[in-house]
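Let's take a walk through this one together. Have a look at the fold below, and then we'll start with the ligand.

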Amino acid sequence: MRNGGLKARIAVIPGDGIGAEVTPQAVKVLKAVCSSAERPLEFVEFDWGADKYLREGVTLPPGGVELLREEFDAILFGALGDPRVPSNQHAADILLGLRFKLDLYVNARPVELLHDRLTPLRDRTEKDIRLIVFRENTEGIYVGVGGVFRQGTPDEIAVQEDVNSRKGVERIIRYAFEYARQNGVRRVCMSDKSNAMTFAHGLWQRVFKEVRQEYADIDSRHLYIDTLAMEIVRDPSQFDIIVTCNLFGDIISDLGAQLAGGLGLAPSGNIHPGKTSLFEPVHGSAPNIAGKGIANPLGSVLTSAMMIEFLGWKPQAEVIRSAVRAALQENYVTPDLGGNKNTVAVGDWLVNFVGKNHLAKQLK
Ligand SMILES: NC(=O)c1ccc[n+]([C@@H]2O[C@H](COP(=O)([O-])OP(=O)(O)OC[C@H]3O[C@@H](n4cnc5c(N)ncnc54)[C@H](O)[C@@H]3O)[C@@H](O)[C@H]2O)c1
């Protein structure tokens with residue numbers, strides 16, 4: 001917080017496609033919640049994305065990372081990806097660039113069922129599906145170490161290294177345990193594939209065994225990733241916190257998103273505790289529906305709630321979540337959730353709900 005917790009500076013990067021449609025809805029809900037709570041937020045928008053890249057050849061501008069790190073408390077991000085840029089170069093430079101250069105080592109992906117009708121699992125209710133996945137966000141196979149040999153020949157070989165450092169593994173596992181303790185959550189499950197990936201995930205095993213000893217108050221266990229995939233579908237109520245590597249976290253959190261209503265509802269945070277962190281809906285730029293005004297803004301709105309909770313404003317985050325729950329209850333939603341409302345109408349409804357809502361008034 002740049003000035004004593006009274007005000008926060010938010011960098012807004014709407015990006016491409018539906019990112020530019022849903023992000024303004026999140027911003028207007030944030031403004032409604034925080035103005036009624038007399039907690040000012042300052043927003044500065046950045047036009048980084050495909051248009052700028054095609055116009056100026058610029059992806060992540062020089063000095064951009066330093067500006068965000070030094071001048072802003074958090075980044076509210078939309079999505080990147082445009083059919084006019086088949087290489088996706090701008091998205092890789094900007095999004096992966098920010099994740100790596102800001103050292104955002106925690107990818108937090110909550111999986112929370114906000115209305116019973118939204119889960120594809122039979123007989124499961126809101127109380128059964130409430131967990132969070134902490135995905136390691138700076139290492140693993142995503143670092144791009146590897147190469148191809150004899151490319152284009154029948155003898156071609158491709159290698160992609162899975163990079164795991166002790167520091168990297170320890171800090172994400174420790175974050176999961178600390179989160180459990182600070183949020184009164186009882187259970188942490190670490191998942192890997194150490195039976196097959198004996199070197200890379202042997203390290204995860206050793207670190208997990210060491211760190212869990214410091215958290216005897218937390219109920220911790222290990223599951224191989226294939227078992228976890230089965231168990232999370234069979235009985236999601238057995239999980240509070242899942243901590244895992246970059247690749248497995250990517251996959252298992254998408255599986256989780258589907259258990260709780262799909263991509264249009266899934267929020268995420270790219271976090272380094274105490275430093276400028278980036279919050280984005282899990283979905284991409286959805287070129288197939290971009291420009292039609294029907295993108296679901298709730299994933300972005302829930303993302304904004306995560307962001308202000310990260311900034312220490314938990315009551316305001318709860319107001320936003322209540323508003324989203326109410327919209328789902330009223331079925332005031334976009335077509336992907338079975339409704340007939342458009343993106344802006346859903347945003348307006350949330351703003352109106354927040355204005356009238358007694359919870360917001362209590363925050364004054
Ligand atoms: N973090 C990011 O910026 C990010 C993440 C994923 C994909 N992408 C990029 O987005 C582009 C499209 O990728 P994709 O099609 O694989 O994934 P996507 O998430 O954009 O879309 C997948 C499907 O879900 C639907 N969908 C997604 N979000 C929705 C919403 N809010 N409301 C209603 N429907 C929604 C889309 O219409 C589409 O049918 C690609 O360029 C990809 O690289 C970016």
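The shell around the ligand holds 11 nonpolar, 10 polar and 2 charged residues (Ala, Val, Leu, Ile, Met, Phe, Trp, Tyr, Cys and Pro count as nonpolar, Asp, Glu, Lys and Arg as charged, and the others, Gly among them, as polar). Of those 23 residues, Gly-81, Gly-264, His-283, Gly-284 and Asn-296 come nearest; a residue is near if its C-beta atom, placed from the backbone, lies within 6 Å of the molecule.

Bear in mind that this is a predicted model: local features need pLDDT of at least 70, side-chain atom pairs count only at pLDDT 80 or more, and totals for chains, interfaces and linings use all residues. Numbering starts from 1 along each chain as its sequence is written.

Now step back to the domains. Domain 1 covers 1–105 + 272–364 and domain 2 covers 116–260, with bounds from an automatic or database domain assignment. Their C-alpha centres lie 25 Å apart. Where they meet, 6 residues of domain 1 are in contact with 7 residues of domain 2 (C-beta atoms, placed from the backbone, within 7 Å). On the domain 1 side, the touching residues are 4 nonpolar, no polar and 2 charged.

Finally, a pair of loops. Arg-150 sits between strand 6 (146–149) and strand 7 (157–160), and Asn-331 between helix 10 (314–330) and helix 11 (343–356); these are DSSP runs numbered from the N terminus, helices (H or I) of at least four residues and strands (E) of at least two. Neither is a glycine, yet phi is positive: near 55 degrees for Arg-150 and near 60 degrees for Asn-331.

Terms used
Two residues are in contact if their C-beta atoms, placed from the backbone, lie within 7 Å.
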